Amino acid sequence: MKALRENGQNPVVLSDLDNTLVLTKPLRLGRTLAMVNRTTMQEPKRLFANLQEKGFKNTPIILSPDAPTSHLAKCGAVPLVSPAHVAVLAMSEDTEKMRAALHQKWRNRLTHGARQNLRLTRQNLPQDPNHWLFKADILQGRTRGYQSWPVELTLAYARANKGQAKLFQAFEGAEAVAAILILTHGNCATYHVAHSAERGKTLSAHNLLMWEALCWLSRKGFHTLELGVINTEDAPGLARFKLGTGAKLHKLGGTWAYWHPMRMVLKPLAALDRRLMSA
């Protein structure tokens, strides 16, 4: 929330629902779209009642639950996108236990990386929009068809949450060959942005740097690290890298649309795709 406000946005907070954030986006003709992302929706009716109290009764709402929530259909929400999966790694204070959970090929790459003459660093994310990691990620995103957070939002997160944006880098001599940016929040952490140059891949720098980050998170007492969406079709190598850490798949709740004035009309349509959106 602090990062969004730092970045010029003003999210609505539903204090009765674990401080759920509601983002808004202006549409044409003076209308507004509301978005509720990655929240638990055990009681959708309560969520919709809270949204109405906050002035969203006639506002189209995009919902992306943190887990399958098929009973949204009973409220008239319409499924738009089927659920994706994210990789979540449970941390342990016992790093030997975490190392044993690594897949064999991942562990071999880690051993290979440790034998290289690499220098690893850890620091708070510098306030530099032209940092090489951002440039590399933007270029890679254009090539592979994905888009990360806006750089300014990431920098705003670092400003608003002191010490909670940690940049890990691997250097061969003076050249940076890999980097991982970890964002921490509460007792959890997120693998936010990462890049490995071709030389870094040859040296297994990404594996070594990830292990360095995991050990640091373990020492600091974090419980979980979310590694992002798993896409075995478009990015099979990255999927293997993430799951090779011993991470498990967590199914999200897909994407839904809800518009209060049309809920009764859309309710039969929502029921058609209920199985697709369920656990």
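Arg38 lies in strand S3 (residues 32-39); strands here are DSSP runs of E, at least two residues long, and helices are runs of H or I, at least four residues long, both numbered from the N terminus. This is a predicted model in which local features need pLDDT of at least 70 and side-chain atom pairs count only at pLDDT 80 or more, while totals for chains, interfaces and linings use all residues. Residues are numbered from 1 along each chain as its sequence is written, and side-chain values use heavy atoms, with hydrogens and water left out.

**Exercise 1.** Find the order of the strands in the open sheet of six strands, and name its edge strands.

*Solution.* Start with the order, which is S1-S2-S3-S4-S13-S5, with mixed pairing. Next, look for strands that pair on one side only: these are strand S1 (12-14) and strand S5 (78-81), the edge strands. Two strands pair if DSSP finds at least two bridges between them. Now zoom in on strand S4 (residues 61-65) and strand S13 (residues 255-258), which pair in the antiparallel sense over three bridges. Here Ile61 stands opposite Tyr258 in S13.

**Exercise 2.** Work out in which sense S11 pairs with S6 and with S10.

*Solution.* Take strand S6 (residues 85-90) to begin with: five bridges join S6 to strand S11 (residues 224-229), and the two run antiparallel. Ala87 stands opposite Gly228 in S11. Then turn to strand S10 (residues 188-196), which pairs with S11 in the parallel sense over three bridges. In that pairing, Ala189 has Leu225 in S11 as its bridge partner.

**Exercise 3.** Count the disulfides, and explain why Cys215 is too far from the closest cysteine sulfur for a bond.

*Solution.* Apply the rule: a disulfide is a pair of cysteine sulfur atoms within 2.5 Å. The count comes to zero disulfides. For Cys215, the closest cysteine sulfur belongs to Cys188 and is 19 Å away, so a bond is out of reach.
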